[in-house]
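The report below takes up the contact between two chains, and then one feature inside each of them.

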Amino acid sequence: MIKNKYLVVYRKFLHTSFASELEYKTNIIIDTITSILSLVGSIFLLSIFFQNTGSIGGWKFEQALIIQGIYTILNGITNTWFNPNLREIVTHVREGTLDFVLLKPIDSQFFISLNKINPSGFLEIILGVGLLFYCIKINQINVSLSFFILCLITIFCSICILYSLWFFISSTTIWFVKTWNATEVLRSFLYIGRFPITSFSFSLRIFFSIFIPIAFITTIPSEVFLGLNQLWKIILQIVISCVFLFTSRRFWLFALKFYSSASS
Amino acid sequence: MVKNIIEVRNLSKCFDISSKNPGLKGTLKHFFKRETKSLKVIKNINFEIKEGEIIGFLGANGAGKTTILKMLCGLIYPSEGSISVSGFLPYRRKDNFLKNITLIMGQKQQLIWDLPPIESFYLNASIYDIDRHEAKRRIKKLSDMLEIEEELFIPVRKLSLGQRMKSELLAALIHKPNILFLDEPTLGLDINAQRNLRKFLKLYNKETNATICLTSHYMKDITSLCKRVICVHNGSISYDGKLDKLVKKLSPVKEILIVCRSEKDANALDNAGYIVKSKIKNEITLKIENKYVSSSLRTILNSYDIDDLYINEPPIDEIIGKILIKKEYKL
């Protein structure tokens, strides 16, 4: 019954978001062009890095393209769901419209995380998937059912980690009111995820594995793609994503106790 | 006997508030070493509200009316004391509680800006577990009551403030709440839109027996909707009772304009020991305490040659306005 309600509500979210976005046709066209140019630019940048060297951090250009593909998918998901919703938390808190969310008989985290979508981000997801299929071909990867399942699990875990990080930072808005900069820093760190983690120095590797786990977000799914995966890394990624999801959830519920609403 | 739907006992709320001195020095000090102090904005208040009542919360800006309303609907945790709304602790925000209440704020909106209001109504209906058929029926009924029809299909951004407010009301009432919390619902509306909104609220209260808690700075909202008012002053309740009693309390005198047949009678009245507000030839205006009005009039009519007289009630809006203007008004 509850599951059904959430599905019905999510369908409504999708419908209203699409309808809202379609009100501005030009914006959709510009977003589409931006997505394509952004991917082309990224691949071009990557090719420049590999121009004078065969490999970076033990990754060849064809292999690094896998990371680029996963990054593009994650960026697409960010632009489709995280950006339109989680950025809005700041506005909700500043303007006091979070009141309307909290007074609805629905989970507030579900509402503020999913009530909007930006359809132009879908193109990035499609482009990312397309790039991955191309990488399967050029890297001569053997595709099997277990390969697909592992890929889906690791990409799903990456999405969970990224979402939790973003949501955690956005939740601090309850106290600090303006935290746009912090989420922008997170996005900047995500750019780093376009490169293999092994291409960084040891200290940076530790930083991006422990403090901001970019390593887990793009490198592990890419290793699964290349068959370089180690089971312990996948299990670790699953554990980390569960811990992040749980912590961000508890933190949100804790933060709400301090919500003082905007004055009228 | 009508039961209490809201019970508030020894309720207090403290906020940490930081202050900043003007100028660059003040700004830098505020940035590096913020001075915060705990401010008790609601101080140990008690009241009950019965089912079906329309209550007006009165008070100057910053008196604490909206904070009380937000604690009643569960948005803000109380610092001390207890609140019971429909038998629920509001701040736990249980689904069954939330399905019973609604909050409408004149200055904030929940409708989706780029879409017609009807889309927001169906979204809300799905959140409140109302099926499409029932939602359609309720939208029809409420839109008839609110006298909006075509507006439901026009993007919110293109609606006038009045049309938008009506749509906001519809969105907030689609789940048939028993308790309505209205925070300045007529803010910024023109006179006709205000009147229509009040008419609707009266009708809604009559048809559904919903309890309405209202704050407004438009006195007409209070006088035409609320029989009972709660006056809030500096976070405490300074008056809780019937509106007409409050009016009598705040305005203990009536002004009586007496037109005498001759100036001689007017002069005699002037020297009879009454409080005289003004005197122009044979017309004299007296101020008489409410409780002595009938006996004084009897004496005046029997003792003087009176051509005409008018009893002026001071405008109710003006009287209540005193509470808002004079923050230190003693009740």
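In this predicted model, the contact between the two chains draws 28 residues from chain B and 22 residues from chain A. On the side of chain B that touches chain A, at least two residues each come from helix H2 (65-72), helix H3 (95-98), strand S5 (101-105) and helix H4 (117-127) of chain B. Among these contributors, H4(B) gives the most to that side, namely five residues. Sorted by class, the side of chain B that touches chain A is made up of 14 nonpolar, four polar and ten charged residues.

Within chain A, helix H2 (residues 25-49) and helix H3 (residues 61-95) have axes that come within 11 Å and that cross at roughly 150°. An angle over 145 degrees counts as roughly antiparallel, and H2(A) and H3(A) are therefore roughly antiparallel to each other. The crossing in which H2(A) passes H3(A) is right-handed. On the H2(A) side, the contact is made by A:Leu39, A:Ser42, A:Ile43, A:Leu46 and A:Ser47, while H3(A) brings A:Phe61, A:Ala64, A:Gln68 and A:Thr72. By class, the contact of H2(A) with H3(A) holds five nonpolar and four polar residues, with no charged residues.

Chain B also contains an open sheet of four strands, ordered S11-S12-S10-S13, in which the pairing is antiparallel. Strand S11 (275-280) and strand S13 (306-312) of chain B stand at the edges and have a single partner strand each, so that one side of each is left without a neighbour in the sheet. Direction ignored, neighbouring strands of this sheet are turned by 20° against each other on average.

How many of the six residues of S11(B) are buried? The count is zero, and S11(B) is accordingly described as hardly covered. Strand S12 (residues 283-289) of chain B runs antiparallel to S11(B), and five bridges join the two strands. S11(B) and S12(B) form a hairpin with two residues between them, and in the turn B:Lys281 has a positive phi of about 50°. Two of the bridge partners are set out in the table.

| Residue | Bridge partner in S12(B) |
|---|---|
| B:Ile275 | B:Lys287 |
| B:Ser278 | B:Thr285 |

How values were computed:
Residues are numbered from 1 along each chain as its sequence is written. Chains are lettered from A and ligands numbered from 1 in the order in which they are written. This is a predicted model: local features need pLDDT of at least 70, side-chain atom pairs count only at pLDDT 80 or more; totals for chains, interfaces and linings use all residues. Two strands pair if DSSP finds at least two bridges between them. Axes are lines fitted to C-alpha atoms, for helices over the stretch in contact, and angles run from 0 to 180 degrees between N-to-C directions. A residue is buried if 20 or more other C-beta atoms lie within 10 Å of its own, exposed if 12 or fewer, and partly exposed in between; C-beta atoms are placed from the backbone. Two residues are in contact if their C-beta atoms, placed from the backbone, lie within 7 Å. Ala, Val, Leu, Ile, Met, Phe, Trp, Tyr, Cys and Pro count as nonpolar, Asp, Glu, Lys and Arg as charged, and the others, Gly among them, as polar. Angles under 35 degrees count as roughly parallel, over 145 as roughly antiparallel, 65 to 115 as roughly perpendicular and the rest as oblique. A crossing is left-handed if the near helix is turned anticlockwise from the far one by less than a right angle, and right-handed if clockwise.
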